[in-house]
Amino acid sequence: MICNKKYHFVLPSKAKSGGGQYSNSNLIELQGESHTLHGVFHSNGFGHLLCINGSKTGSNLTGYQIMEFWDRLCSGLGARKVSLKDVAKKMGMDLRLLHTVASGKPWFGQWGYAFGRGTHGVNNQETYQSAIKAIQNIPLTLIAHQLGFFTSSQYEIIQNILPRYQLLSGHSLITLGDLFHFMLELKLRIPKENNVSSSHYPGIMSDASCRWSPKRVEMAIHVVVEALKRAEFQWVSRQHVRDVARAYIGDTGLLDFVLKSLGNHLVGKYFVRRCLNPVTKVLEYCLEDVSRAFPMQEPLLVKAQHKVSWAQLMKDMFYMYVNILRDDRHQNGSVFATIGVASRIILDSKYLVKEYHGEKATNDETNKTKIVYCAVVLKNEQEHETTTTPYHCFALRNSAIFDDLKYEVEKMFRETYLGLRNFVATSIRNMNPKGSDLVFKAVKPGSRIEFECMQELGIICEGLTTMDVDCVCGAKEDDGERMVACDVCQVWQHTRCVQIPESDQVPTIFLCSACEQGILSLPCLP
C-alpha cells in the first residue's frame, strides 16, 4: 500500500558533505549507497535501512556506532517494522555468512534483525535455520581428514591453521562454528596494525589534532618514558619532563601534544599516570610497571594476543572462508556438499526485518481514553478481498460512538495512504452497529476492527507484478533477483539458475529448457 509521505534520514559521507556542498543548496543526493547512513520511513510506521558505511566513506563512526544510532532512532520514532538488505562485505567476505556461521545470526542480528524472506527458492525460516545448524555443526576433524578434496598445498595450509587456533583458544574447538566464532572474538582482542606504519598507539594517532607522522610520535613517546624512568622521584612535574625531553625533541608542538595525550596511557609494560597535585596545583606524571602488578597473567596475555598478528588472523580467516565455506567444488555425499548447500541458503537469505511494535499502546485511565486497532479491507466489484492495510492504533473516549470512530478512521487512512484519499468506510466486518452505539459496549479495549470499502481505481499497492515466475529453484514469484524471460512461454527464471553468469548481460533472446526441448522434438522440414 503506497503511503502519501515518506521521510529520508541521511548522514552524508565526508566526501559528500565537505566544502559546504549541502549548506549552500540544501539538496542531498538520495540515490546510491555512498552515505554514512541512509534510511527511510513511511508515514504508516514501516521503514527501510538502505545503507550504512563506516570507515569505508571516511567516517569517524564505526558501523556498530551507526547501527546503535539507527536503532535508537527507530525506537524513538515509534517504528512498527524495519527491513534491510544485508549485502555487507569486508575483505571479500560476505559478513552475513561469516557471522551466521560463527554465532547463528547475521551481524545485524545484534540489534534484533532476523530472517525476513529469502530468494532463489528459500521461502521459509525453517529452511534457513536448518542450514545454519548443518554448517555450524560440521566437525573440524571431518574437514581435517578430507585429504582427497584439497590439493597438497591447500591441505598443508589448513593443517597449519586448525592447530594454531586450537592452541590459542585454550579450549577445544570442535565444530566449524566454534572455529569461526573464536576467530571473530580474537579479531576484537588483537590490536590492528597500522597499514602505513606499525604504530602501537592508535588512540593517540587517531586524535584529530595530531599532524605528525606515527614514527615521530613514537619517538617522542619513547623520549618522555625514558625521562620518567630516569627521574629521581616517583611523581615528576610536567615542566621537568618537558625540560628533559626538550634536549632530544626540537619540535615543541610535538612535545606538548605527546605530554597532553600520553596521560593515563599504557606504553609497553608501563602505565603513564597524570594528575594535578592538590597542593601545588601543578600537573605531574608518574610511571608504573604494570607487569609487576599481574605477574601470573602476563604469559596468558602474550599467548592470546601476540602469537598471531591481526594480519595473520585475517589471512587465515579469509583462507578458511574461501576454501571451506565458499568452495564450489561440491562432491555428492561429501561434507563439502553439505557446506556448499547450507552456505548458499544463508547467502540467499539477505532480506532481514525487525519488529519494533511501535503501534502498541495502553489505555489511559487518567484521561479516560481506551484504544482499539483498526484496518481497512479493500474489496473489488465481485466482493473479493484484494488488500488489507496494517492495523493503526486509535485512542477514543470511553463515551465514543461508532460515528466518532468512523470519522477518525477515515481521516487517518486518507492522510496516510495515497490509494485511500477518497476512502469512505461502508461497513465493519462481522459487525453491524448503529452510528450512535457506544464503541466500548460492543468491543473490548485493544480489540481489532476491520472497516470494509470498495477498491478505488488507480494505484493502490506498490511492488505488485504480473510476472509469471516458475524457476527451477522453486521460486514462484519475483523475489528481487535478476531474472530472464523465455521468449516462447514468457515464464521468468533466475539468471543464476539457468547458468547465466552475473558478469554477463541478460541475453536478448532466451529459451527455457522446456521450450528448447519442445522445439528440438519438432519434425524437420522436408
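**Entry 1. Contacts and overall make-up**

I looked first at how far apart in sequence the contacting residues lie. Of the contacts in the protein with a separation of 6 or more, 63% are between residues 24 or more positions apart. I note at the outset that I am reading a predicted model.

I then recorded the secondary structure, which consists of 19 helices and 19 strands. The protein has 526 residues, and 41% of these are buried. For the accessible surface I noted a total of about 30000 Å², with carbon and sulfur atoms contributing 53%.

**Entry 2. Cysteines**

How many disulfides does the count come to? I found zero. I looked up C471, which is in no disulfide; C497 holds the nearest cysteine sulfur, 3.6 Å away. C471 itself is buried, at 5% relative accessibility.

With a relative accessible area of 1%, C486 counts as buried.

I recorded 17 salt bridges in the structure. I examined several of them individually.

Which residue forms a salt bridge with D316? I identified R164, and the closest N and O atoms of the pair are 2.6 Å apart. D316 belongs to helix α15 (residues 310-325) and R164 to helix α7 (residues 152-169), so the bridge ties together parts that are 152 residues apart in sequence. Are the two partners buried or exposed? D316 is buried, at 4% relative accessibility, whereas R164 is partly exposed, at 29%.

I next followed K350, which forms a salt bridge with E481; here the closest N and O atoms are 3.2 Å apart. K350 sits in the loop between α16 (335-347) and β12 (351-355). E481 sits in the loop between β17 (448-454) and β18 (483-485).

**Entry 4**

I then looked at R414 and E410, whose side chains meet in a salt bridge at 3.8 Å, N to O. Why are these two residues separated by about one helical turn? Both lie in helix α17 (residues 402-416) and are four residues apart, which accounts for that separation. R414 is partly exposed, at 33% relative accessibility, while E410 is buried, at 11%.

I also noted a network of salt bridges that links R238, R242 and D256.

**Entry 3. Packing of α7 and α8**

I returned to α7, the helix that holds R164, and looked up its packing with helix α8 (residues 176-189). The two helices pack at an angle of about 65°, and their axes are 11 Å apart. I recorded the crossing of α7 and α8 as left-handed.

Which residues meet where these helices pack? On the α7 side I listed I161, L162, Y165, L168 and S169. On the α8 side I listed L179, F182, M183 and L186.

Technical notes
Residues are numbered from 1 along each chain as its sequence is written. This is a predicted model: local features need pLDDT of at least 70, side-chain atom pairs count only at pLDDT 80 or more; totals for chains, interfaces and linings use all residues. Side-chain values use heavy atoms; hydrogens and water are left out. Buried means under 20% relative accessible area, exposed over 50%, partly exposed in between (1.4 Å probe, protein chains only). Contact means heavy atoms within 4.5 Å. Accessible areas come from the Shrake-Rupley method with a 1.4 Å probe; for residues, only the protein chains shown count as cover. A disulfide is a pair of cysteine sulfur atoms within 2.5 Å. Axes are lines fitted to C-alpha atoms, for helices over the stretch in contact, and angles run from 0 to 180 degrees between N-to-C directions. A crossing is left-handed if the near helix is turned anticlockwise from the far one by less than a right angle, and right-handed if clockwise.
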